[in-house]
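Biologist: Hi! I'm new to reading protein models, could you walk me through this one?
Modeller: Happy to, let's open it up together.

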Amino acid sequence: MVTEKTMLEQPAEAPAARDRALYVETYGCQMNKADSELITGLLAREGYRVTDRVDRADVILVNTCAIRENAEQRVLGRMSELNRFKTANPGLILGLCGCMSQHLGDRIIEKAPYIDLVAGPDSYRRLPAMLRALDTEDEPALNLAWDRAEHYLDIDPVREAGVNGWVTIMRGCDKMCTFCIVPFVRGRERSTPHGEVIRQIERLAAEGYREVTLLGQTVNKYRDGDVEFADLLSRAAEIDGIERIRFTSPHPAHFPDRLIEVMAASPKICPHTHLPLQSGASTTLSRMRRDYTPETFLDVVHRLRERIPRITLTTDVIVGFCGETEEEFEATREMMRTVQFDSAFMFKYSPRPGTASHKRLSDDVPEEVKARRLTAVIEMQKSISDTRNRAYRGQVVHVLVEGRSRRDADRLFGKTDTFKTVVFPMLEGVVSNAIVPVRVNGSTPFTLFGDVVKSA
Ligand code: SF4
């Protein structure tokens, strides 16, 4: 049985945390990655040594995603694999954190009894106490308490190597889209105090980061007292050293002109917006409870492109949602044709237990119809992305170098401010975190290729 006592009592003679190696593995979105950095920072502060060798870890924490069922299945498979390390290290603690913990609760212990610790997204501050408790208790430690006041202030994340620093500015979501599990696993919406956000960005700048991404489920709904999202962006843009500011994911229903003006006014705010469409049919959007219509969505697109002509737009699309007719699906295709997104994440609807669509709507679009519709939108988007990327050929773009290309170690890759991935041959003196001019000489629907423009 799992008890509250398990995680709250601290044994008198717990082994020192500094003797223990911590390995954190992450699944899911950027917010999860940012949370993993937070967990690592919190436990490093307690003396845990961070390792990137899973086979040398004394504590393995897997930070999980619950958005799709196959993500959960994948994590369960991985937990079973990780359990094998207990043979060589019987004291190994295997823990599950994040959205899947919150979604499955103590059922996860029934499915995988070798899991020692389960912590929800609002429980990370309790991890040190939970880990200590496991030294004297045989029972797993579980904490899934909600805490609306938890912003994880004053915990400095330990960041993974990379050129982009993530700052979580909002946690949770109040939107309750009918297909989405997020409000049930991440709790109510709350904004991090703006002073803390600015402190974290200044710290990133001092550490040498040139690019920062502000994170939230509905990031443009940010509000701390009088400070709205547009104000926060303006203040972030004043910080010396930070040259690129991104944010994700905004909600299409929250794009006032003032926000677009701020985006247009600062060259530091990247001309790229991820604008989740989900469906192009007003009836489907209404069943999804998305708070906007195709017309208001197009109005945001129009206003963004009018004020920021260079802007790129990416999106999310769900096909085969409950009751989606052929006409509704065609409305989505028509919207994608009209907007000409630069790229899109496209999915077949699959119901998640606990959501409103699972409880109240019927998942009545046959699987083969969903598959056909998904193929159709993927093919169409590929062609649109190809055309949009071809338009870059001959242009000089500025690329923030991230490192070696995964496919070709003799090449580097990085991103433009418009969020295009660019691959180019290595050149002496060009290193990660540099911003270099690259002339684009080739493209696919997914990538631009080019050569560094050498200064005279
Ligand atoms: S806005 Fe909707 S889709 Fe996005 S996290 Fe909130 S409930 Fe989920």
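Modeller: One term to start: a residue is buried if 20 or more other C-beta atoms lie within 10 Å of its own, exposed if 12 or fewer, and partly exposed in between, with C-beta atoms placed from the backbone. Helices (H or I, at least four residues) and strands (E, at least two) are DSSP runs, numbered from the N terminus. This is a predicted model, in which local features need pLDDT of at least 70 and side-chain atom pairs count only at pLDDT 80 or more, while totals for chains, interfaces and linings use all residues. Residues are numbered from 1 along each chain as its sequence is written.

Biologist: Thanks! How many residues of strand E3 are buried?
Modeller: Six of the six residues in E3, which spans 59–64, are buried. Val-59, Leu-61 and Asn-63 are on one side, Ile-60, Val-62 and Thr-64 are on the other, and both faces are covered.

Biologist: And which strands does E3 pair with?
Modeller: Two strands pair if DSSP finds at least two bridges between them. Strand E1 (residues 21–26) pairs with E3 in the parallel sense over five bridges, and Val-24 stands opposite Leu-61 there. Strand E4 (residues 93–98) also runs parallel to E3, joined to it by six bridges. In that pairing, Val-62 has Leu-96 as its bridge partner.

Biologist: Which residues is Ile-169 in contact with?
Modeller: Two residues are in contact if their C-beta atoms, placed from the backbone, lie within 7 Å. Leaving aside neighbours within four places in sequence, the contacts of Ile-169 include Ser-191, Val-197, Leu-214, Tyr-222 and Leu-232.

Biologist: Changing topic: which residues are around the ligand?
Modeller: Among them are Cys-173, Met-176, Cys-177, Cys-180, Gln-217 and His-251. Here, a residue is near a molecule or strand if its C-beta atom, placed from the backbone, lies within 6 Å of it. By class, the shell has six nonpolar, three polar and one charged residues. Ala, Val, Leu, Ile, Met, Phe, Trp, Tyr, Cys and Pro count as nonpolar, Asp, Glu, Lys and Arg as charged, and the others, Gly among them, as polar.

Biologist: Where is Met-176 placed, and what is its phi?
Modeller: Met-176 is in the loop between strand E8 (170–171) and helix H8 (182–186). Its phi is near 60°, a positive value in a residue other than glycine. Most residues other than glycine have a negative phi, and most peptide bonds are trans.

Biologist: Is Met-176 buried, exposed or partly exposed, and why?
Modeller: Met-176 counts as partly exposed because 13 other C-beta atoms lie within 10 Å.

Biologist: Where is the cis peptide bond?
Modeller: It joins Thr-248 and Ser-249, with omega about -5°. Ser-249 is found in the loop between strand E13 (244–248) and helix H11 (257–265).

Biologist: Last one: how far apart are Arg-45 and Val-158?
Modeller: They are 113 residues apart in sequence and 9.6 Å apart in space, C-alpha to C-alpha. Arg-45 lies in helix H2.
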